[in-house]
Amino acid sequence: MLKEKDLLPELGQEVENIVCALDKDLQGAAATVATALRDKGQTVDLVLESKPMKWVFKRAARVNARRLVLVGKTEWEDGSVSVKVLSSGEQFQVKLSDLE
């Protein structure tokens, strides 16, 4: 009803983290990472579809994400994830237990 009357307020989307599995088999692991971040009070957008990285970066820009958390096979086997800070382009690996 609000939309029909053009009374819906404009709310900018803002998400701290976008979590994305680099392999379809790692979607459960990505959900685990998203849950861990949410438990720490952070906002998370979990990408479960198999999308190209270009799409993921566009999504991150659309929601003003602060960082991109990538769950890759090698890193996950090591108990880590890759984190890319979108404002600086800095990328590093961090243990899941140390992810904040």
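This is a predicted model: local features need pLDDT of at least 70, side-chain atom pairs count only at pLDDT 80 or more; totals for chains, interfaces and linings use all residues.
I placed Asn64 in the loop between helix H2 (53-62) and E3. I noted its phi, near 55 degrees, which is a positive value in a residue other than glycine.

Next I checked the nonpolar cores. The largest one has 15 residues. I listed the residues with the most contacts inside it: Val19, Val33, Leu37, Val69, Val71, Val81 and Leu99. Strand E1 (17-21), helix H1 (27-39), strand E3 (67-71) and strand E4 (80-85) each supply at least two residues of this core. H1 gives the most, with 5 residues. I also found a second, separate core of 10 residues, with Ile18, Val56, Ala60 and Leu68 among them.

I then turned to Val19, which is found in strand E1. Val19 counts as buried because its relative accessibility is 0%. Leaving out residues up to four places away in sequence, I recorded that Val19 touches Ala30, Val33, Ala34, Leu37, Val44, Asp45, Leu46, Val47, Val69 and Val71. For Val19 and Val33, 14 residues apart along the chain, I noted a C-alpha separation of 7.4 Å.

Last, I went through Val71.

Key
Residues are numbered from 1 along each chain as its sequence is written. Side-chain values use heavy atoms; hydrogens and water are left out. A nonpolar core is a set of buried Ala, Val, Leu, Ile, Met, Phe, Trp, Tyr and Cys residues joined through side-chain atoms within 4.5 Å. Buried means under 20% relative accessible area, exposed over 50%, partly exposed in between (1.4 Å probe, protein chains only). Helices (H or I, at least four residues) and strands (E, at least two) are DSSP runs, numbered from the N terminus. Contact means heavy atoms within 4.5 Å.
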